[in-house]
Amino acid sequence: MLHRNPVVDASRSAVPTSPPPARKDGRGLRSRSNFDWRFLTLAVPAVVLYVGFLLGPTLASFFYSFTRWDGINAPVFAGMENYATLLTDDRYTRALLTTLAFATIILVGQIAAGLGLALLLNRARRGTALARAVFFFPALLSTAVVALVWGFIYNPLVGVMPAAASWLNVTDGPLTDVLGNSSTAIWAVSGAVVWQYAGYMMVIFLVGLKSIPLEVYEAADLDGAVGWRRFWLITWPLLAPSTSVAVTISLAGNLKLFDQVFLLTGGGPAGATDTAATLIYQTAFSNSNFGYSATQSVALTCMTVVIVVGQRWFASRRSS
Amino acid sequence: MNARHSRTVAACAVAAVLSLGAAGCGASPAGESNVTAAQDVTLHVLGYAFDKTPGIFDAFTEATGIKVTLEQVQSDQLPSVLQSRVSAKTDLDLINLRGGAEFNKYAEAGTFTNISDAGFLANVSAGAVENGKFDGKSYGYSISADTVGVFYNTELFDSLGIKVPTNWDEFMAANATIRDHADGVAPLVASAGESWSNQYYYHNAVATFAQENPQFMADLKSGDATWADNTLLLRQFERFQGLAESDSFLTGSQSLKYSDAQAAFAGGKAAMWVMGSWGLGGLTPAGFTPGAFALPINDAGEPPAVASSLSDKIVGVTSWSSHPEEALQLLEWMTSEEFGNALQEGQGVKSTVAGISAPYSEFQADWDGLFPDAIPFPANLAPTVNGEGPAVIGGILNGTLSPADAVARFDELQATDNKLGY
C-alpha cells in the first residue's frame, strides 16, 4: 500500500538532486577575460528599443508628474502640487478601487474559465486540436473587434441580451441595458475581457496539466483519490507554477485595463466603470492636463508594481 | 576569415542596421519634403470633419494640380492623434480641429500660421473668423456653423395634437402626452454612452447666461465667480433631473452612442432628440419629417429661450508646413462657394462661406430658423469643464448626482483649470 504524499513526492522530483558545483574563486562559470562580447553587441537593438521606448518615456513621465503641462506648451515646475492633489482626488481613488474590482473579477473569471477549459480538453480524446483553436481564437482578435461583438450583444436597442430579456418577458431592470446600469456594467465589461482571454489562460493551464507526471495520478488511483478530491489534492497544487504565471499575466494586464472599458462604456455610466487608465487618458487628452495625468500614471504604476511583485513574492514563498 | 569571425561581423552588422533603424523611427520627414519639387506638391490634411466627404479636395487638385491627402480621424480620437502629431511636428500642412479650448491650446503653442492679413477671410461669416482668433490674431476659421436644439417628429406631434413647446412646462407636458399616448415611442432619446453628447441639455443655459453676463466667463477664470452663480445652470440641472425621474428617456439612453441615438430617433423609437444641427448629416427618418426647436430653458411667462451655436470645425495652416504657399492656397479655396456647397451637400452641415446655395439637408428649414438668433457658446470654456462637465448629466440621469452636486462638480473642475492657468 502506498502511503506517501504524492504532492510532496512530485515537488521533490522537480528539485535538482544536487546543487551545481561552486567555484573556489567565487567567480561565474566564465572568467571576465573570456566574456563573449558578441552577446552584448546582439543586445544593442533591444537595449536601444528598451531605453528609447520604455525607460525614457517612463522617466519622462516621472519628470512631468511634477509639472503643470498641457502637453504642447512648455511645462511649469509645480513641485509636489500634483501629488497633493492626488491624495484628495476622490475620483481617482474611486477609479483605483474600480480598477481593483475589475482586476479581481477578471482574474477569478479567467482562472476559472481557463482552468475549466484546460481540464475539459485534457480529458477529451477527440477534437482537442479544433477545440483548442476555437477557444484560443478570441485571444487573437483585436480588442476593437471584441468590443464591437460585445457592444452588439449588450446594445439596448438591437442587442442579443435585451432581446433575450424581452423573450423572457423582462422589460425592465439591468438586463435591458447592462452597460447603462452602474451595478451591471462592470460585470458586463469583465465578461467580455474574460471571454477574450480565457483561451489564453487555457493554454497556460494545459501546459501545466501535461507536465504533471502520470505516475502521480496512478498512485492517487491506488489510494482511492478520485473526482474532486483528486483535483484538490493533486492537480491544483501541482498546477501552482501555471497558476502563478496566469495570475501574474492577468493582474499585470488588468490593473491597467483601458481599451475594453474605453470602447464599451467610455467609463460610464456616470463614471461607474472608470478605471485608473481611462481616467488618466481623460485627464491628459480631454482635459489637457498632462502633468497631473503623469502623476496619476506614476501612482498607478507604483500600485501595479507593488501588487504584481507582492503576488510573485507570495507565490514563490508558497512554492518554496 | 574563419567561420567564427564571420558570424561576429555579421552579428555586428545586423545589430548596427537594427539600431539605426530604431533610431530613425522618430526622424521627421520634413527634410525629405523640403526637397520635393514644387510642381509635385502633396498637402497633408488632418481632420475630423470630412467623414462623409473623403473626396472633397479633388476639385482643388483638379483646379491647381496640387494633390491633397486627407487623414480623417474619428472625432473621439482626435485629441490624442492631434497631440502626438503636433508634438512631433509631423508632415502636416493643414489641421482641422475643434474650437474653444482645443484650438486655443494649439494656437498658443504656435501651431498655426498667422493669417490676420488674409483677404479670403472676408468670404466666410464674421463668427467663423472670430472662432479662429487667438490673442487678437487670426490663425484659422470655422468651416461650418452648428446650432444646438431639439429634433422632433413632426408627424407624431401633429397626430397627438402637441404644439412646439415654448417653455419648460409645455416641454414636460409634451413628454407626458407622448409617454402616455404614443404607443411604444419614448419622448426622448439620449446617448450618455458618449458623454460629450450630454452637454446639449445645458448648452443654451451656459450660452445665454454668458451673454447676459459678459464678465461671467472671465470672472470664472479669475476666481471671482463660480458656476453656482449661474442660476440658469442649476435650474437646468433641476429640470433635467425632473426629466430623468419622469421616465421620459428611451430604455438604454445611459449606454447608447451618438449614432445609436440618431438611429433611434430616425427609426421612430423616440419622439425627440436633443442634439446639434450636425445630426442632420446621415439622418434618414422613417416616414416622418424631423423638425427642430430651441430647448425651452425658460419658465412660462419668461421670454422664449433661443438656441446656442458652436465654434467648431476650425481649419488652419501649420506653422511648419513644408508648402506654406500651397497650404494657404488650399485654405483660401476652402472659403470658396465650390467648397462650401460641396461641404453642405456631402457632409450635411451648414457652411460658413457666404452666398452658398446648396442645401445641407432636406430637413433644414426649422434649423435655418434657429441659426439667426442662436447665442454663441463661450469659446473660452476651460478644458476640464468642457471635457468632464458633460459627464455630470450622466450622474443626474442615473440618479447618483443631485443638481446641486452637479454644479459643485463644475466648480471643482473650474478650480482645476484655474490652477493650471487655462
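Biologist: Against which helices do the buried residues of helix 11 of chain B pack?

Modeller: This is a predicted model, and helix 11 of chain B covers residues 231–245. Its buried residues are Leu232(B), Leu233(B), Gln236(B), Phe237(B), Arg239(B), Phe240(B) and Leu243(B). The partners of these buried residues, each in chain B, are helix 8 (168–181), helix 9 (203–212), helix 17 and helix 18 (403–420).

Biologist: Are the buried residues of helix 11 of chain B on the same side or on opposite sides?

Modeller: The residues concerned include Leu233(B), Phe237(B) and Phe240(B). They cover an arc of only 165° around the axis, and therefore they lie on the same side of helix 11 of chain B.

Biologist: How far apart are the end C-alpha atoms of helix 11 of chain B?

Modeller: The expected span is 1.5 Å times one less than the number of residues. Helix 11 of chain B has 15 residues, so it should span 21 Å. The distance between its end C-alpha atoms agrees with this, at 21 Å.

Biologist: Which residue with a positive phi follows helix 11 of chain B?

Modeller: Helix 11 of chain B ends at residue 245. The residue in question has a phi near 60° and is Asp247(B).

Biologist: Is Lys89(B) buried or partly exposed?

Modeller: Lys89(B) lies in the loop between helix 4 and strand 3 (94–97) of chain B, and its phi is positive, near 45°. A residue is buried with 20 or more other C-beta atoms within 10 Å and exposed with 12 or fewer. Lys89(B) has 14 such neighbours inside 10 Å, so it counts as partly exposed.

Biologist: Is Asp135(B) buried or exposed?

Modeller: Asp135(B) is located in the loop between strand 4 (133–134) and strand 5 (137–138) of chain B. Its phi is near 55°, a positive value in a residue other than glycine. With 8 other C-beta atoms within 10 Å, Asp135(B) is exposed.

Biologist: What distance separates the centres of domain 1 and domain 2 of chain B?

Modeller: Chain B is divided into domain 1 (32–143 + 313–335) and domain 2 (146–310 + 366–420). Six residues of domain 1 of chain B are in contact with eight residues of domain 2 of chain B. Taken over C-alpha atoms, the centres of these two domains are separated by 31 Å.

Biologist: Which helix of chain B gives the most to the side that touches chain A?

Modeller: In total, 40 residues of chain B are in contact with 32 residues of chain A. Among the helices of chain B that each supply at least two residues of this side are helix 1 (3–23), helix 4 (78–87) and helix 12 (258–266). The one that gives the most, with eight residues, is helix 1 of chain B.

Biologist: Is Leu255(A) buried or exposed?

Modeller: Leu255(A) sits in the loop between helix 11 (240–254) and helix 12 of chain A. It touches Thr99(A), Ala103(A), Thr304(A) and Ile307(A), residues up to four places away in sequence not being counted. Because 24 other C-beta atoms lie within 10 Å, Leu255(A) is buried.

Biologist: Is the peptide bond from Gly268(A) to Pro269(A) cis or trans?

Modeller: Pro269(A) lies in the loop between helix 12 (259–264) and helix 13 (276–286) of chain A. The peptide bond from Gly268(A) to Pro269(A) has omega near 0° and is cis.

Notes. Residues numbered from 1 in each chain as written. Chains lettered and ligands numbered in written order. Predicted model: local features only at pLDDT ≥ 70, side-chain atom pairs only at ≥ 80, totals over all residues. Domains from an automatic or database assignment. Contact = placed C-beta atoms within 7 Å. Helix = DSSP H or I, 4+ residues; strand = E, 2+ residues; numbered from the N terminus. Arc of directions from axis to C-beta.
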